[in-house]
There are 2 protein chains.
Amino acid sequence: MTDLLAEGRELDARDPLAAYGDAFVDAPGVSAYLDGNSLGRPLRDLPSRLEQFVQHDWGTRLIRSWDEQWMDLPTRLGDRIGALCLGAAAGQTVVADSTTVLLYKLMRAAVDAAGPDRTEIVIEEGNFPTDRFVAEGIAAERGLTLRWIAPDPVTGVQVADVSGAVSERTALVVLSHVDYRSGALAEMSAITDAVHASGALMLWDLCHSVGVIPTELDACGVDLAVGCTYKYLNGGPGSPAFAYVNARHHGVLRQPVQGWMGAGDVFAMSSAYAPADGIRQFISGTPPVLGMLAMQGMLDLIEAATIEAVREKSKALTDLVVRAFDEELAPLGVRLLSPRDAALRGGHVTIGHPDFAEVTKTLWQDGVIPDFRFPDGIRLGLSPLSTSHEEALSGVLAVRDALG
Amino acid sequence: MTDLLAEGRELDARDPLAAYGDAFVDAPGVSAYLDGNSLGRPLRDLPSRLEQFVQHDWGTRLIRSWDEQWMDLPTRLGDRIGALCLGAAAGQTVVADSTTVLLYKLMRAAVDAAGPDRTEIVIEEGNFPTDRFVAEGIAAERGLTLRWIAPDPVTGVQVADVSGAVSERTALVVLSHVDYRSGALAEMSAITDAVHASGALMLWDLCHSVGVIPTELDACGVDLAVGCTYKYLNGGPGSPAFAYVNARHHGVLRQPVQGWMGAGDVFAMSSAYAPADGIRQFISGTPPVLGMLAMQGMLDLIEAATIEAVREKSKALTDLVVRAFDEELAPLGVRLLSPRDAALRGGHVTIGHPDFAEVTKTLWQDGVIPDFRFPDGIRLGLSPLSTSHEEALSGVLAVRDALG
């Protein structure tokens, strides 16, 4: 491990993104934060951004700010995420609600528009619970069937898994781009093609991709996507989610939570609901402005660094962690629960051991903060702009010491 | 008007709540803010509250804050709103989502649980658009009929309007406690009784009540309620809404947006959705923590002042504005679009004139900020803890001058 630590320090010394680490607030008592895939850290300039917002935008411009800047914020911010992270042209991405609520809206929009013979939603049995729960509820209320894919839990869903599950009965396929457990990365383009070959629509959950792995939604012909902004976009706890709806579906797909902010003329107070053109129909209620502030600073950083460079550093970080695992943790009986090839892996590395529930408690008290996932997984989430190579390695060493 | 201005100053001088005005941030260039019923003003201590949150709760405790304080925040804050403002015992109120999304969840929960013969939703044709749009969408998707009440637009919905509309076919009645246009106050107890006599459920929209008019949801036997927190609770633009579900419906009514945060065991990552007991089932996604901070300061103020005293000042403010209207605006052809009796009126006074679209533009530029509502209404929204009697009168004078 001595060699690896030296290598980590060397990587940090020539890391072109290293300086971005100073952009985040200090966390006294925390020596390694390895949960950026659950909750990204706040930026150092956020309090002054919030102060300006409170004093000026809200406190002085008051209600006038809706006209001046807030009404368009969901689409302006959506476009920015789309351009910087998603490969999405303007007008297809919007920030709103929570991931769960957006999943409901988009899944309902998709299955409600499907032909009467398309009675199945294909979903992976290891997908994040909220994705499965939403699908389960919609299937029950719309009289549809869930068709489960059961891929290998480490390597994740493959094209063949999907091809074998879709048919002329499929209305919609819902998958995560990066598996929340293993970090396995799905082949977006090939899988989307396989879904389209069956005549179904494809919805990607990008919660563990956005901000750390570039996607090409337009180029892949993706129909629908959702994602969260409090992981690698550092929007803060419970910051609103985003939805992408490909322009070819605008005016065709309709989400069911019809609200005044998704109406064509918001202030007409008209007697019947007439949806807005374009992505705006997917908004329902008043946009959560305060929750949209923090992520803007992180988008500035990603724009400066470029998402491609962020992805390169992400691969280097997880590679180093896998090598440290081989040296230090495998001999202790810890299992690697993530793909070994960085090209097949997202921004986190997952390891397993029966003692990890207890180990996590110890680590948290000691200021080393990974993420525990039931029943016995530790996820080492490495947010490239705020995490150094040495910090990542120190996390692995802390796990080793806690097990010893 | 000279006498009224003197009276206003006298009322301010002996106003027991006058000192609370200092709790709000200064708004340079704004001489009268009369739109507290659309967007309440931020508190002076909010930036330091946000700084503490960014540096400590989020920035240092990081993911640990979910266990330490955030997971329970939606119900803890809901209970507080329930106790201070709603007459609701603990365990029935939760903060989440937007008003629109919560309206969807609660309306769906109600109509989905109704018997097959209860095929109608009763709603008022002048209700706020989002309430009507949500009901319209649900009626379409569930094969239900909307039955419209058309009350007098100034005096608002009366018991007789409701009694005449409900029947054994009614599943749900949806009404606003305070009419967003006229400010007319509905008789919550008598109307709820009339709805219950028909065997239907009652959902009250409290957007224009909460924080300015005490309600007694438990005592009135109300089934369901929603409300927003960015008006008289000063939660900031797009802060999350709240839902009240009477305890007798827990475990019976089920909302359709099944998410991980509404599951019985959030982190079990179980294979099928099992709803949480109690009000927590009405949560779907990750709670919007940042959006729940600002309202906490306002709840502190309301607790100190008491909601009853807030209501008393609200009546005094609107009374004064109505008297000023009689003196200064009625002679110019302006119409009073709110009830004259303060006991029948909420926290705002609405006036009408064909020139008000233009007048509002002029006033906004001059730092006098009421609310314009299509086609020709100005609402003078008076938030009792941040608005003085003199400020309210100066708003009326500014309208007069802009018309002259």
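Predicted model: local features only at pLDDT ≥ 70, side-chain atom pairs only at ≥ 80, totals over all residues.
**Entry 1: confidence**

I began with the scores, as I like to know what I am reading. Chain A has a mean pLDDT of 97, and 100% of its residues reach 70 or more. For the complex, the predictor gives an ipTM of 0.97 and a pTM of 0.98.

**Entry 2: how the two copies are related**

Next I asked what rotation superposes chain A on chain B. I found 180°, with 0.0 Å of shift along the axis and an RMSD of 0.0 Å. The two copies are therefore related as by a two-fold rotation axis. The same surface serves both of them, since 100% of the contact residues of chain A recur in chain B.

**Entry 3: the contact between chains**

I then looked up how many residues of each chain take part: 64 residues of chain A are in contact with 64 residues of chain B. On the chain A side, the elements that give two or more residues are helix 2 (46-58), helix 3 (64-70), helix 5 (99-113) and helix 6 (129-142). I also noted the make-up of that side of chain A, which divides into 37 nonpolar, 19 polar and eight charged residues.

**Entry 4: domains of chain A**

Which stretches make up the domains of chain A? Domain 1 takes in 2-44 + 306-403, and domain 2 covers 71-301. I have their C-alpha centres at 28 Å apart. Across the boundary, 30 residues of domain 1 of chain A are in contact with 26 residues of domain 2 of chain A.

I wanted to know which elements of domain 1 supply that side. Helix 11 (307-329) and strand 10 (348-352) of chain A each supply at least two residues. Helix 11 of chain A gives the largest share, five residues. The side of domain 1 that touches domain 2 in chain A divides into 13 nonpolar, 12 polar and five charged residues.

**Entry 5: helix 13, in both chains**

I turned to helix 13 of chain A, residues 389-403. This helix has 15 residues and reaches 22 Å from its first C-alpha to its last, close to the 21 Å expected at 1.5 Å a residue. I listed its buried residues as H389(A), E391(A), A392(A), L393(A), G395(A), V396(A), A398(A) and V399(A). What do these pack against? My list for chain A reads helix 1 (2-13), strand 1 (32-33), helix 11, helix 12 (356-365), strand 11 (368-369) and strand 13 (377-381).

I then checked chain B.

**Entry 6: M261(B)**

I picked out M261(B), which sits in the loop between strand 8 (241-245) and helix 10 (294-305) of chain B. Is M261(B) buried or exposed? I count M261(B) as buried because 22 other C-beta atoms lie within 10 Å, and 20 or more is the cut-off. Leaving out residues up to four places away in sequence, M261(B) touches V266(B), I283(B), S284(B), G285(B), T286(B) and P287(B). I also looked up S198(B), 63 residues from M261(B) along the chain; their C-alpha atoms are separated by 35 Å.

I found a cis peptide bond between F374(A) and P375(A), with omega about 5°. P375(A) is in the loop between strand 12 (371-373) and strand 13 of chain A. In chain B, a cis peptide bond joins F374(B) and P375(B), with omega about 0°. P375(B) has its place in the loop between strand 12 (371-373) and strand 13 of chain B.

L62(A) belongs to the loop between helix 2 and helix 3 of chain A. L62(A) is buried, because 23 other C-beta atoms lie within 10 Å.

T306(B), also a residue other than glycine, has a positive phi near 75°. I placed T306(B) in the loop between helix 10 and helix 11 of chain B. With 13 C-beta neighbours inside 10 Å, T306(B) counts as partly exposed.

Definitions and conventions. Residues numbered from 1 in each chain as written. Chains lettered and ligands numbered in written order. pLDDT = per-residue confidence, 0-100. Least-squares fit on C-alpha atoms with pLDDT ≥ 70 in both. Contact = placed C-beta atoms within 7 Å. Domains from an automatic or database assignment. Helix = DSSP H or I, 4+ residues; strand = E, 2+ residues; numbered from the N terminus. Nonpolar A, V, L, I, M, F, W, Y, C, P; charged D, E, K, R; others polar. Expected span 1.5 Å × (residues − 1). Buried ≥ 20, exposed ≤ 12 C-beta atoms within 10 Å, placed from the backbone.
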